[in-house]
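This briefing concerns the structure shown below.

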Amino acid sequence: MESKYELSDNEQKVVKFLADKNEVFSIEELASGCNIPISTANAVVELLKSKGLVREEVNYKIQYKLTEEGKKVLEKGFPEEALLDALREKQEIDMKELEKNIDRKILPIALAAGKKRGLIDIKNGKVKLIPEKVEELKKDKEILLKIERSESVEGFKERIEILIKRGLIEKKILKERKIKPEAKKIKEVLEKGESVVSKITSSIIVSGKWREVKFKEYNVEAEPPKVYPGIQHFYSKFIEKIKMILLELGFKEVYGSIIEQEFWNFDVLFQAQDHPSREIHDTFWIDKEVKEIFARKELIEKTREVHEYGGKTGSIGWRYKWDQEVAKRLILRTQTTVVSGRTLSLRPEAPFRFFTIGKVFRPDVIDARHLPEFYQFDAIISEKDMSFSKFLGMLKLFFKKMGFEELIFKPAYFPFTEPSVEGYVKIGNLGYVEVFGAGMFRPEVLEIFDIKHPVGAWGMGLDRLAMALLNLSDIRMLYDRNLENLRNSYSNALKYLNY
């Protein structure tokens, strides 16, 4: 055990500083007086406490500060104060008259705040002032002013709690550490104590001084501190791995905007204008009108023909009058296939391979399985001798490179592909998990884009696949910021990624 008479250089500095003093010091004062960093002063104080050379007094102090909103209120007044000038003389006023006297933007906020405070009563279209609540309003203003001036606010506890809830004041509990030297013990240590070296430096070794000094004892059995190196988040690493595999297979990455017209998100993909996916519960619309469809006239015309009667494909289309007004509407994209559609509109020559990864948006209620925005992947491939079986072979190769040896297909239906399949991969104890949809673009889609060769397309929601790999039951955990949770939950997944 380390002797109280053995002192490191920093301990000696502090002890000598305290030797002829009887007053109490804060950590900041101690650090300044000894010319050492505050962090060092804290560490030294702990050592001196263990040797009985100093005592520590800890006090807790409550501090109130104005928030940014509180500062605005102090400068411009409470929203409900706007009602006072209009009501001070009449005590009661018609709502229509009130609308003339108070800015329309401020009035709803002022009424809501006044009603909540109990400052006003609203009945039969008339607003009545409750005079006894005016003093309360003045008191709240006084509290904000006192806090700004760093004055005492004792006796206002109840009102302060209400102002904290309104977001006008923030409460902080400050910890104050005070150090009191043990004069007799310090004097004894200075008389009998000896200096010890706590760090071996190159100068001590080169000069040979290590033969003369005494080194501080240390425990060779003590565990070193845990060090967690900074690593890339699993989810971004997972997406990066998918991109690298696709690039190895000859795919080129393409990009698109998150704001699209329905024309690109649905119509060019032969998705009917009365399809359920265009309903309000499945699509976010942008509140902005546009005057035209941003596409070539011939592409718009072909889309109309294919929707109304199938164009030259032999299909009968959807048998309705296609509406350009619907196609013009702006939305947040609901699928990354819109990027594949835009890529095909450039009429690339076969062979080609493209992919895209990005966020898509659907108005889902947030729960363990759903988020209103999530990552989706989409890819297209075409060759002059492209076939459905050749396309399925490409999918098997892709997922094998992803580490999934077992892959099965089941027949499925999607609006813009035929034939179509759902893909299932085997993941640990979960068994076979559905992870993607795939198929050959329908003749109607190829007709719209004037593509002469077959095109295979597949896509998947990356959040669900990542959840399965991590064995997570809550999708929100993919975006967890708790470092401990990330370290514990992602260790197995990082092994899968060879990280």
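**Salt bridges, helix packing and a surface patch**

The count of salt bridges comes to 37, in a model that is predicted. One of these salt bridges joins Arg-55 to Glu-182.

**Salt bridge**

- Side chains of opposite charge can pair when their charged atoms come close.
- In the salt bridge between Arg-55 and Glu-182, the closest N and O atoms are 2.7 Å apart.
- Arg-55 belongs to strand 3, while Glu-182 sits in the loop between strand 7 (169-181) and helix 10 (183-192), so the pair ties together parts that are 127 residues apart in sequence.

**Helix 1 with helix 2**

- Helix 1 and helix 2 cross at roughly 105°, and their axes come within 10 Å.
- Since angles of 65 to 115 degrees count as roughly perpendicular, helix 1 is roughly perpendicular to helix 2.
- From helix 1, Lys-13, Val-14, Phe-17 and Leu-18 meet Leu-30, Gly-33 and Cys-34 of helix 2.
- The contact of helix 1 with helix 2 comprises five nonpolar residues, one polar and one charged.

**Helix 1 with helix 3**

- The axes of helix 1 (residues 9-18) and helix 3 cross at roughly 80° and come within 10 Å.
- Helix 1 and helix 3 are therefore also roughly perpendicular to each other.
- Helix 1 contributes Asn-10, Glu-11, Val-14 and Val-15 to this contact, and helix 3 contributes Thr-40, Val-44, Leu-47 and Leu-48.
- By class, the residues of the contact between helix 1 and helix 3 are five nonpolar, two polar and one charged.

**Helix 2 with helix 3**

- Helix 2 (residues 27-34) packs against helix 3 (residues 38-50) at an angle of about 105°, and their axes are 9 Å apart.
- This pair of helices, helix 2 and helix 3, is therefore roughly perpendicular.
- On the helix 2 side the contact is made by Ile-27, Glu-28, Leu-30 and Ala-31, and on the helix 3 side by Ile-38, Ala-41, Asn-42 and Val-45.
- Six nonpolar residues, one polar and one charged make up the contact of helix 2 with helix 3.

**Surface patch**

- A nonpolar patch on the surface is formed by Val-58, Tyr-60, Ile-62 and Ile-173, which together have about 420 Å² of accessible area.
- Strand 3 (residues 54-66) gives the most to the nonpolar patch, with three residues.
- Val-58 is one of the residues found in strand 3.

Conventions:
Residues are numbered from 1 along each chain as its sequence is written. This is a predicted model: local features need pLDDT of at least 70, side-chain atom pairs count only at pLDDT 80 or more; totals for chains, interfaces and linings use all residues. Side-chain values use heavy atoms; hydrogens and water are left out. Axes are lines fitted to C-alpha atoms, for helices over the stretch in contact, and angles run from 0 to 180 degrees between N-to-C directions. Helices (H or I, at least four residues) and strands (E, at least two) are DSSP runs, numbered from the N terminus. Angles under 35 degrees count as roughly parallel, over 145 as roughly antiparallel, 65 to 115 as roughly perpendicular and the rest as oblique. Contact means heavy atoms within 4.5 Å. Ala, Val, Leu, Ile, Met, Phe, Trp, Tyr, Cys and Pro count as nonpolar, Asp, Glu, Lys and Arg as charged, and the others, Gly among them, as polar. Patches are made of residues with over 30% relative accessible area and no salt bridge: like charges are joined within 9 Å, nonpolar side chains (Val, Leu, Ile, Met, Phe, Trp, Tyr) within 5 Å. Accessible areas come from the Shrake-Rupley method with a 1.4 Å probe; for residues, only the protein chains shown count as cover. A salt bridge is a side-chain nitrogen of Lys or Arg within 4 Å of a carboxyl oxygen of Asp or Glu.
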